[in-house]
There are 2 protein chains.
Amino acid sequence: MTKINFSDEYFMQQALNEAKNALHKDEIPVGAVVVCNKQIISRAHNLTETLNDVTAHAEMLAITAAAEFLGGKYLNECTLYVTLEPCTMCAGALSWSQIGRIVFGASDTKRGFSRHTPPVLHPKTNVISGILEKDCSFLITNFFKNKR
Amino acid sequence: MTKINFSDEYFMQQALNEAKNALHKDEIPVGAVVVCNKQIISRAHNLTETLNDVTAHAEMLAITAAAEFLGGKYLNECTLYVTLEPCTMCAGALSWSQIGRIVFGASDTKRGFSRHTPPVLHPKTNVISGILEKDCSFLITNFFKNKR
């Protein structure tokens, strides 16, 4: 039996798989998973076109599903893995959830939360970026290149 | 037959009625309506406790319902009336929706979107504040006073 290494790269790969699910639906390829005690408690990908809803970002759907799984709306013991830096809306939601940790792949200089002052996230949330950055970035850059 | 005056005050009163619906459920009393061509196309109130979901703010639910009604995710022809200044998450969602106009009652100096730089909203969105401010503010201040 192969022992799984539950590293940040492992969980980001799961988020990347979700992003690929979005791509297959011609959605902007962003994927997310929420992890609690090394267990994935929710998986989601962007569904804004399918659901005809600007709020249906991967992170939003993953937060709602994680809270449903836990039976509580606070995610302070959880980590969100997402392929792209969360936008202001998603960061606002993550702030309300008091999530413990956020790991994202590619940065988003135009729409990412980190542009804002004062900071959008909860002060106790730890943030790590750049995990599998190349793969995360390629997926989304290529998507928009093919659209033009 | 009484002629209805479709003023900002009229629609804010409808948002206030939604906030009172939240209050009856012991939810933080915030209400919202989305108006298009003087017609209310969605109504919502805060349901974060009922749904166990930090994303279930009145504005988020109203945006999703309005897009569903219109069959399109952009709300550029619409006005959102909300009793409290939208938080960062809701303003981020409103930005994605490209909503034409936002009218809010009470300001929220702690959580309101207007604290942030660069601005969270879409540059084309017009914002008006202070409509029925006293009523909107009383409802929420009183709610928290009774909780302590």
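The legends below describe close-up views of a predicted model.

**View 1. Strand β4 of chain B and its cover.** Strand β4(B) spans residues 101-106. Five of its six residues are buried, which leaves the strand mostly covered.

**View 2. Pairing of β4(B) with β3(B).** Strand β3 of chain B, residues 78-84, runs parallel to β4(B), and five bridges connect the two. Across this pairing, Phe104(B) of β4(B) lies opposite Val82(B). Together with helix α3 of chain B (residues 88-97), β3(B) and β4(B) form a β-α-β unit that is right-handed.

**View 3. Pairing of β4(B) with β5(B).** Strand β5 of chain B, residues 126-129, is parallel to β4(B) and is joined to it by four bridges. Ile102(B) has Val127(B) in β5(B) as its bridge partner.

View 4. An unreviewed UniProt entry assigns the annotation "binding site" to His57(A), Cys87(A) and Cys90(A). These residues span 34 residues in sequence, but no two of their C-alpha atoms are more than 9.2 Å apart, so they gather at one spot.

**View 5. Surroundings of His57(A).** His57(A) sits in the loop between β2 (39-45) and α2 (58-70) of chain A. Its relative accessibility is 14%, and His57(A) therefore counts as buried. Beyond neighbours within four places in sequence, His57(A) contacts Asn46(A), Thr48(A), Cys87(A), Met89(A) and Cys90(A), as well as Trp96(B).

**View 6. Surroundings of Cys90(A).** Cys90(A) belongs to helix α3 of chain A, residues 88-97. Cys90(A) counts as buried because its relative accessibility is 0%. With residues up to four places away in sequence left out, Cys90(A) touches His57(A), Glu59(A), Met60(A) and Ile63(A).

How values were computed
Residues are numbered from 1 along each chain as its sequence is written. Chains are lettered from A and ligands numbered from 1 in the order in which they are written. This is a predicted model: local features need pLDDT of at least 70, side-chain atom pairs count only at pLDDT 80 or more; totals for chains, interfaces and linings use all residues. Side-chain values use heavy atoms; hydrogens and water are left out. Buried means under 20% relative accessible area, exposed over 50%, partly exposed in between (1.4 Å probe, protein chains only). Two strands pair if DSSP finds at least two bridges between them. A crossover is right-handed if, with the strands pointing away from the viewer, the path from the first strand over the helix to the second runs clockwise. UniProt positions are given in the numbering used here, feature names are shortened, and annotations may be inferred rather than shown by experiment. Contact means heavy atoms within 4.5 Å.
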